[in-house]
Amino acid sequence: MTEFNLVEWRLERRLETRPTARVVALAAAAAAAVLVCSLLFAAAGASPRAAFEALLKGSFGSSRAAGETLVKATPLIFTGVAACVAFRARIWNIGAEGQIFAGAMFAYWLQHNLFGFSSFIQIPVVIVGGVVGGALYAGLAGVLKTRFSVDEVISTVMLNYIIVYVISLLLLRGRGARRAPSSSRRRRSIQAR
């Protein structure tokens, strides 16, 4: 009888992979994802086929749906690419979400100040400004790492919270006087009549 010993097994990185092996690995991953999702849909009492049909129709069923899908997926794709670049450089940048928020804030500020200029000027400046804003915010983690030896994982996660609170503050202040009266104020004014 052959003895099965898991301790002798080890994972090794392949130095060379064939293109067909990559295709097979991607197909296997997609099939496994569909299988797991189907099991979850079935466990929830829904028809997996109907759920996948609704998913495809909602995301690519019309040109408007496809456009909305791309609008929502593009920031996620770019954030994933940015994280991959950092990970390849062996930098653990967990704060990509905060950096994309900072880039969006900087891009909005630039667009707001370039109002009235031609779109041929606005679009490239806003895109480059968004990249610069996100990079400057990521640079804060770099400064904390080099000057104060703060772990970049901790600092980038904490910077995520800071930028979310800054955005919340700016949005609340921006609404200020234009904010609709609360339901309790409305109720009091109705009762006063």
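How exposed is F87, in relative accessible area? F87 has a relative accessible area of 35% and is partly exposed, a class that lies between buried (under 20% relative accessible area) and exposed (over 50%), with a 1.4 Å probe and protein chains only.

## About the model

This is a predicted model, in which local features need pLDDT of at least 70, side-chain atom pairs count only at pLDDT 80 or more, and totals for chains, interfaces and linings use all residues. Residues are numbered from 1 along each chain as its sequence is written, and side-chain values use heavy atoms, leaving out hydrogens and water.

## Aromatic pairs

The structure holds 3 aromatic pairs. Rings of Phe, Tyr and Trp (its six-membered ring) pair if their centres lie within 6.5 Å; planes under 30 degrees apart count as stacked, over 60 as edge-to-face and the rest as tilted.

One of them joins F41 and F52 edge-to-face, with 5.4 Å centre to centre and 80° between the planes. This pair links distant parts of the chain, 11 residues apart: F41 sits in helix α1 (residues 19–43) and F52 in helix α2 (residues 48–60). Helices here are DSSP runs (H or I, at least four residues), numbered from the N terminus. F41 is partly exposed at 29%, and F52 is also partly exposed, at 22%.

Back to F87: F87 forms a tilted pair with W92, at 5.3 Å centre to centre and 45° between the planes. W92 is partly exposed, with a relative accessible area of 48%.

## Cysteines

The count of disulfides (cysteine sulfur atoms within 2.5 Å) comes to 0. C37 is partly exposed at 32% relative accessibility, and C84 is partly exposed at 48%.

Key: Helices (H or I, at least four residues) and strands (E, at least two) are DSSP runs, numbered from the N terminus.
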